[in-house]
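The exercises below ask you to read a protein model step by step. Try each task yourself before you turn to its solution.

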Amino acid sequence: MTKILKIVAFMALLHCGFTSSRVISTLYALHYGQPAWMVGVILSTYAAIPVLISIHVGKFIDKIGVRIPITVSFLMISAACLMPILFPYEQFGFWPIIVTSLLAGTGFVFTLISGQGLIGHLSNNKNRATAFTYQSIAFSISGSTGPVVAGYLIDHGSYYWAFGGALTFALLGGGIFLLQARGLPSAFNKSQAKDNRHHSAFELFKDEKVRNVLLASAFVSMAWDLQAFMIPVYGTEIGLDAVAIGWLLSTFSICTFAVRVFMPILSQMFKEWSIIIFVMISAGLTYIVFPFTTSLTLLFLLCGWLGASLGASQPNVLSLLHQVTPDGRVGEAIGIRTMLMNASHAILPLLFGFGGSVIGAASAFWATGALMVGAGAKIGYSVRNMRDPAEKLVEDKAIEQEENIDFKKKMTNNPVVIARGVTSIK
């Protein structure tokens, strides 16, 4: 587990550099008078290339291992943070920020897929959910620390100081990685990966177990994007001020972090699929109820419950994905998951925004809630009928033993059988 914690450490630092650059880039653009739609372009650019390359990155990692991809990642994120410092807006205009978003978004994909594949490879079925819980907790901390540090550096220094802070996070993460790079596997399953190199990534969808995990991950990602985008819209509709809306979003984040702290205990009590299906149905019902209340107290409770529900999903999704994916294709499967997540980040805010502006925020909540409940029920039914042969054999034997015991009791208490037994004795 010590090696896994070191991996989590460099992933969190690179994530801190990535999230810092994203926040700084948007504020930097607004500071120099760029319109709001340009900020949307920047955020979409962070996710645009990852949508296109995630599957190929996953296949690449399956084939050659993680050393080169993570090295490329930390160099790209570092270069992204350097761009606005070396090419300031006053002399070179806005294009360095676009390059920054392309480099940082693309670079972090290599870290995300490599790191998650590495954690799964170094853990086993018993501790894998716990290992991914540590990664989720670390990302929760880095996702909040990076923007806060960036804000202080902007207010008390300049935007260039802030980009320098993001660069420092990236260099620290790269340094920790390089110190342990020699001890990392050159490939997860090189021989199997070679056999799979001509297979289409979407062939994995033919495997019902893999397909269920990927679909569950996609729906949870959609639900996550909805809260980040539509809670501010709904709060504005019902007249909440910016402070109240900010605290609603903070409540969601705090509960997300809290449930991940307790996930090692919960993972010992419940199976991964039980948690994921509960998450989908619970989040769906919460979204359905959401538009029916304007009470700030109830909204805090709903946001907290939603954060706790969705926060429990990621460690269990990643643990299951490693369990059900064929050997030599784990990186590919994580690549598909990452592609679906980035597609969600790029497309769904536009759909939610359009729906919210035309027929109100309630429509987005109800539609997403209904989809989550329906998908959770469908996947739950599929998983229930998709037991492993060993589990099925144990359950069938237990049922057979119970039936034999019931049969013996009935025969023992049957008067006809008793009478025949007495006659035979005579």
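**Exercise 1.** Leaving aside its neighbours within four places in sequence, which residues is V109 in contact with?

*Solution.* Before starting, keep in mind that this is a predicted model, in which local features need pLDDT of at least 70, side-chain atom pairs count only at pLDDT 80 or more, and totals for chains, interfaces and linings use all residues. Residues are numbered from 1 along each chain as its sequence is written, and side-chain values use heavy atoms, with hydrogens and water left out.

Step 1: search for contacts, where contact means heavy atoms within 4.5 Å. Once neighbours within four places are set aside, V109 is in contact with P50, S54 and V57.
Step 2: V109 counts as buried because its relative accessibility is 4%, where buried means under 20% relative accessible area, exposed over 50%, and partly exposed in between (1.4 Å probe, protein chains only).

**Exercise 2.** Is F10 buried or exposed, and which residues does F10 touch, not counting residues up to four places away in sequence?

*Solution.* Step 1: F10 lies in helix 1, made of residues 2-31.
Step 1: F10 is buried, because its relative accessible area is 0%.
Step 2: beyond four places in sequence, F10 touches I70, G173, I176, F177 and Q180.
Step 3: the C-alpha atoms of F10 and A170 are 8.6 Å apart, while 160 residues separate them along the chain.

**Exercise 3.** Which residues form the nonpolar patch on the surface?

Step 1: the patch consists of I141, F257, V261, F262, I265, M269 and F270, which together have about 680 Å² of accessible area, computed by the Shrake-Rupley method with a 1.4 Å probe, and for residues only the protein chains shown count as cover.
Step 2: helix 10 (242-261) and helix 11 (263-269) each supply at least two of the patch residues.
Step 3: V261 is found in helix 10, and V261 is partly exposed because its relative accessible area is 40%.
Step 4: S140, in helix 6 (residues 128-156), touches the patch member F257 and also R260, not counting residues up to four places away. S140 counts as buried because its relative accessibility is 19%.

**Exercise 4.** How many helices and strands does the protein chain have, and what is its mean pLDDT?

*Solution.* Step 1: the chain has 18 helices and zero strands.
Step 1: of its 426 residues, 50% count as buried.
Step 2: the mean pLDDT (the predictor's confidence in each residue, from 0 to 100) is 79, and 81% of the residues reach 70 or more. Over residues 389-394, however, the pLDDT is below 50, and this stretch has two contacts beyond near neighbours in sequence.
Step 3: pLDDT also stays under 50 over residues 422-426, for which the model has zero contacts beyond four places in sequence.

Note on methods: Patch = residues over 30% accessible without salt bridge, like charges linked within 9 Å, V, L, I, M, F, W, Y side chains within 5 Å. Salt bridge = Lys/Arg side-chain N within 4 Å of Asp/Glu carboxyl O. Helix = DSSP H or I, 4+ residues; strand = E, 2+ residues; numbered from the N terminus.
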